[in-house]
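Me: I would like to go through the labels given to this structure and see what each one rests on. Please set each value against its cut-off.

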Amino acid sequence: MLQYYKQTIKDLRNPDSGKVREVYKVLLNRSDSSEEFMSHVTYHTRLGAGVVQAALTEVAECLAERLAEVGSVSVPGIGIFSVAIRPKEGRAKGLKDQTEEGRAATGKEAELNARSIEVHHLNFRQDKELLNDVRRRLSGEGKLEMTGGKEGVPLFQPLLSSRRDRFAAAREYLETHGFMRVQDYAALTNLSRSQAQRELRLAAQLTHSGIVASGRRSHVVYVLAKGD
């Protein structure tokens, strides 16, 4: 379970003032490896590991291709990636002297061109729905614990934290209600309306979900698949 801790920092601008600032940080004891994340995805979606790996590889390659062409790419449900550049090491950086004496002393050799620029890093700005989803999953309070010499607070995770459990809850709902609307699924799972809509559309495409769509456009509802 994810934990966080509080850290007290002195006012660096005026260390003698006695003022402090409280900073809250996530306690990262470990991180998911690629294999662990892939295992999690395949378990909760029931898609084959090869299919998931191939899809992620294709997305990564297309993302790199588009970033190299347009500089900024929005990935639905994930966020926006953009390219950041800088002068290569050893090249002219920072403020330039625009006086005649300065230009004469610098010479044309120091002027930056495409060959003297490199990609420094990729910027990332998360999708608002992704951020809100993480917030919903980490809501509530837990008992204080001492972890790794720091005061850690476990963060609560909702009961229906996996798509597999949410689909199961939806099937139980449909057994007694007959049909389900997007707002019903959102209330049942604590997802936003847009997330609930995307997930129900996915459920209708996955044969193992036991849920199918009925109706068209704004009149679509979701029902149990025949035989369930």
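This is a predicted model: local features need pLDDT of at least 70, side-chain atom pairs count only at pLDDT 80 or more; totals for chains, interfaces and linings use all residues.

Me: What makes F81 and F124 an aromatic pair, and why is the pair called tilted?

Reply: Ring centres must lie within 6.5 Å to pair, and those of F81 and F124 are 4.9 Å apart. The planes stand at 45 degrees; under 30 would count as stacked and over 60 as edge-to-face, so the pair is tilted. The structure holds one aromatic pair.

Me: Which parts of the chain does the pair tie together?

Reply: F81 belongs to strand 4 (residues 79-87) and F124 to strand 5 (residues 117-126), so the pair links parts that are 43 residues apart in sequence.

Me: Why do F81 and F124 get the labels they do for accessibility?

Reply: Buried means under 20% relative accessible area. F81 has 19%, so F81 is buried. F124 has 42%, which lies between 20% and 50%, so F124 counts as partly exposed.

Me: What is the strand order in the open sheet of three strands, and which strands stand at the edges?

Reply: The order is 3-4-5, with antiparallel pairing. Strand 3 (72-75) and strand 5 each have a single partner strand, so one side of each is left without a neighbour in the sheet. From one strand to the next, the twist averages 25 degrees.

Me: How do you know that strand 3 and strand 4 pair?

Reply: Pairing takes at least two bridges, and strand 3 and strand 4 have four, in the antiparallel sense. V75 stands opposite G79 in strand 4. Helix 2 (residues 49-70) packs on the sheet and touches strand 3, strand 4 and strand 5. The direction of helix 2 makes about 140 degrees with that of strand 3.

Me: How do you know that strand 8 and strand 9 pair?

Reply: The requirement is again at least two bridges; four join strand 8 (residues 211-214) to strand 9 (residues 221-224), and the two run antiparallel. I211 has L224 in strand 9 as its bridge partner. Six residues lie between the strands of this hairpin, where G215 takes a positive phi near 100 degrees.

Me: Which residues have the most contacts inside the largest nonpolar core?

Reply: The core has 15 residues, and those with the most contacts inside it include F167, A170, M180 and I211. Helix 5 (163-177), helix 6 (182-189) and helix 7 (193-205) each give two or more residues, with helix 5 giving the most, four. A170 touches M180, Y185, L188 and I211, leaving aside residues up to four places away in sequence. A second, separate core of five residues includes L63, L67, V73 and V75.

Me: Why is T42 called buried, and what lies by its side chain?

Reply: T42 has 18% relative accessibility against a limit of 20%, so T42 counts as buried. T42 is in helix 1 (residues 34-45). A polar atom of the T42 side chain lies 2.9 Å from the backbone oxygen of S39, and the limit for a polar contact is 3.5 Å.

Me: Why is K25 called partly exposed?

Reply: The relative accessible area of K25 is 36%, between 20% and 50%, so K25 is partly exposed. K25 is found in strand 2 (residues 20-27). The C-alpha atoms of K25 and K6 are 6.5 Å apart, although 19 residues separate the two along the chain.

How values were computed:
Residues are numbered from 1 along each chain as its sequence is written. Side-chain values use heavy atoms; hydrogens and water are left out. Rings of Phe, Tyr and Trp (its six-membered ring) pair if their centres lie within 6.5 Å; planes under 30 degrees apart count as stacked, over 60 as edge-to-face and the rest as tilted. Buried means under 20% relative accessible area, exposed over 50%, partly exposed in between (1.4 Å probe, protein chains only). A polar contact is a pair of N or O atoms within 3.5 Å; within protein, one must be able to donate a hydrogen and the other to accept it, and residues adjacent in sequence count only if both atoms are side-chain atoms. A nonpolar core is a set of buried Ala, Val, Leu, Ile, Met, Phe, Trp, Tyr and Cys residues joined through side-chain atoms within 4.5 Å. Contact means heavy atoms within 4.5 Å. Axes are lines fitted to C-alpha atoms, for helices over the stretch in contact, and angles run from 0 to 180 degrees between N-to-C directions.
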